[in-house]
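Subject: Structure handover

Hi,

Here is the structure I promised to pass on to you. Have a look at it first, and then read on for my notes.

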Amino acid sequence: MTSAIFGTRIIAAPMAGGTSTPRFVESVHLAGGLGFLAAGYKTAAAMESDMREVRSAGAGFGMNVFVPDRSQLDPPADVRRQLEDYRRSLEPDARRYGVTLPGLRLDDDDAWQDKIDALLADPVEFVSFTFGLPEPAEVQALKRAGSTLIATVTSVAEALLAVERGADILAVQHGSAGGHSGAFLARAGTTDSPGPATTAELLTAVRTAVGVPLVAAGGIMDSAGLDAVLAAGATAAQLGTAFLRSDESGARQLHKDALASRDFSETQMTRAFTGRQARALVNAFVRDHGDAPEGYPAIHHLTAPIRAAAAAAGDPERLNLWAGTGCRQAAARPVPEIMAGLLAGSSRS
């Protein structure tokens with residue numbers, strides 16, 4: 001049965017940094033799925049511009065917002081020293097490209113209040129949150145505005161907190177997912193340490209603990225993966241890596257090519273690029289900076305000029321190549337063909 005909530009079983013994950021463009025989200029809508037715009041790293045004005053563009057195309061969509069970690073914006077002295085040490089460790093990478101590293105930046109809350117205000121002034125049907133939970137007053141205000149709220153969780157403990165806070169739906173993210181882990185409780189799904197072996201297993205554990213609808217995220221690349229999470233109780237599946245190489249994806253071509261390259265044979269959770277655990281293809285930067293401390297978004301800003309220079313030089317070895325464990329199955333095809341392949345092979349059409 002198709003989802004009564006979303007009208008589809010397939011959601012295209014919000015992929016910040018330029019991948020989830022309005023064109024991409026529109027193409028997902030036209031192919032029968034639901035796309036999410038990503039507000040992360042953007043100004044509120046840029047977020048609103050994306051919303052207007054998708055609306056003008058008549059497409060349904062959701063908006064994802066990063067929740068700031070206030071402790072990271074005012075870290076204690078020992079953490080600041082770790083961040084300064086990490087900055088010094090990046091100097092050889094900066095010299096490689098002839099770029100200058102910025103000073104330590106600890107004031108970036110990703111324009112949180114401006115984005116919440118914009119979403120209250122111009123509500124969208126679905127608002128999802130990553131890296132934490134909004135405050136109770138914000139939850140109630142967004143609901144009064146007419147938005148359905150989705151919290152990203154990586155464990156039963158996070159799921160319980162999210163439901164208590166007022167989340168209508170949970171996006172249950174397994175460690176196999178590409179890009180940033182949405183974990184917001186200590187040691188919850190932030191490493192490659194043992195845990196539920198599959199997304200379906202994590203989903204089952206969360207389903208026994210809460211009664212809200214669940215969206216499954218992580219390692220879902222084909223109809224068999226889709227069927228597995230739907231059988232485990234998911235209302236829909238959220239896919240990111242499966243769409244990365246699509247024609248409509250806004251990902252860099254360098255990133256798309258790396259997903260299919262024999263030069264990158266594995267993925268790994270790493271803090272090297274942003275200071276938050278994220279699953280990426282293992283390249284030289286990941287290997288060189290395996291001891292990166294926790295420190296988001298400070299480290300994101302420190303590595304930004306290196307990443308930009310690597311991209312300009314066509315060097316994938318120092319670029320953040322986000323990828324889930326199933327990345328070898330990602331197809332370089334138009335979104336409608338990817339969607340059709342997922343649905344055609346599903347036993348739950």
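What percentage of the 349 residues of the chain count as buried? The figure is 56%. Please keep in mind that this is a predicted model, and that every value below is computed from it.

**The chain as a whole**

The secondary structure comes to 15 helices and 11 strands. Along the principal axes, the C-alpha atoms fill a box of roughly 55 × 45 × 45 Å. The radius of gyration is 19 Å, which agrees with the value near 20 Å that a compact globule of 349 residues would have. If we take the contacts between residues at least 6 apart in sequence, 69% of them join residues at least 24 apart. The chain exposes about 14,100 Å², and carbon and sulfur atoms supply 49% of that area.

In soluble globular proteins, nonpolar side chains tend to be buried together. In this model the largest nonpolar core has 69 residues, and those with the most contacts inside it are Met63, Leu119, Phe129, Leu170 and Phe243. There is also a second, separate core of 23 residues, which includes Tyr97, Leu101, Val282 and Phe285.

Leaving aside neighbours within four places in sequence, its contacts include Asn64, Val65, Val67, Trp112, Pro134 and Leu142.

**Aromatic rings**

A pair of aromatic rings is described by the distance of the centres and the angle of the planes. The structure holds 8 aromatic pairs. In one of them, the rings of Trp112 and Phe129 have centres 6.0 Å apart and planes at 55°, so this pair is tilted. Trp112 belongs to helix H6 (residues 112-121) and Phe129 to strand E4 (residues 126-130), so the pair ties together parts that are 17 residues apart in sequence. Trp112 is buried as well, with a relative accessible area of 4%.

Which arrangement do the rings of Phe273 and Phe285 adopt? They are stacked, because their planes are at 20° and the limit for stacking is under 30 degrees; the ring centres are 4.8 Å apart. Phe273 sits in the loop between strand E10 (267-270) and strand E11 (278-281), while Phe285 is in helix H13 (residues 284-288), so the pair ties together parts 12 residues apart in sequence. Phe273 is buried at 1% relative accessible area, and Phe285 counts as buried at 1% relative accessibility.

One aromatic cluster is formed by Tyr41, Phe66, Phe131 and Tyr296. Two of its members come up again below.

**Ser246, a polar residue inside**

Ser246 is found in the loop between helix H11 (241-244) and helix H12 (253-260). Is this residue buried or exposed? Ser246 is buried, with a relative accessible area of 0%. A polar atom of its side chain lies 2.8 Å from the backbone oxygen of Phe243, and the side chain also reaches the backbone nitrogen of Ser249 at 3.2 Å. Not counting residues up to four places away in sequence, Ser246 touches Phe24, Lys256, Ala331, Arg333, Val335 and Ile338.

**Glu138**

Glu138 is part of helix H7 (residues 136-144). At 15% relative accessibility, Glu138 counts as buried, because the cut-off is under 20%. Apart from its neighbours within four places in sequence, Glu138 is in contact with Trp112 and Gln113. Glu138 and Leu120 are 18 residues apart in sequence, with 9.3 Å between their C-alpha atoms.

**Backbone details to check**

- Tyr296 and Pro297 are joined by a cis peptide bond, with omega about 10°. Pro297 lies in the loop between H13 and helix H14 (298-312).
- Tyr41 has a positive phi, near 75°, although it is not a glycine. Tyr41 is in the loop between strand E2 (34-38) and helix H2 (44-56), and is partly exposed at 31% relative accessible area.
- Asp110, again a residue other than glycine, has a positive phi near 60°. Asp110 is in the loop between helix H5 (91-97) and H6, and is buried, with a relative accessible area of 11%.

Key: Residues are numbered from 1 along each chain as its sequence is written. This is a predicted model: local features need pLDDT of at least 70, side-chain atom pairs count only at pLDDT 80 or more; totals for chains, interfaces and linings use all residues. Side-chain values use heavy atoms; hydrogens and water are left out. A nonpolar core is a set of buried Ala, Val, Leu, Ile, Met, Phe, Trp, Tyr and Cys residues joined through side-chain atoms within 4.5 Å. Buried means under 20% relative accessible area, exposed over 50%, partly exposed in between (1.4 Å probe, protein chains only). Contact means heavy atoms within 4.5 Å. Helices (H or I, at least four residues) and strands (E, at least two) are DSSP runs, numbered from the N terminus. A polar contact is a pair of N or O atoms within 3.5 Å; within protein, one must be able to donate a hydrogen and the other to accept it, and residues adjacent in sequence count only if both atoms are side-chain atoms. The radius of gyration is taken over C-alpha atoms; the globule rule is 2.2 Å times the number of residues to the power 0.38. Accessible areas come from the Shrake-Rupley method with a 1.4 Å probe; for residues, only the protein chains shown count as cover. Rings of Phe, Tyr and Trp (its six-membered ring) pair if their centres lie within 6.5 Å; planes under 30 degrees apart count as stacked, over 60 as edge-to-face and the rest as tilted.
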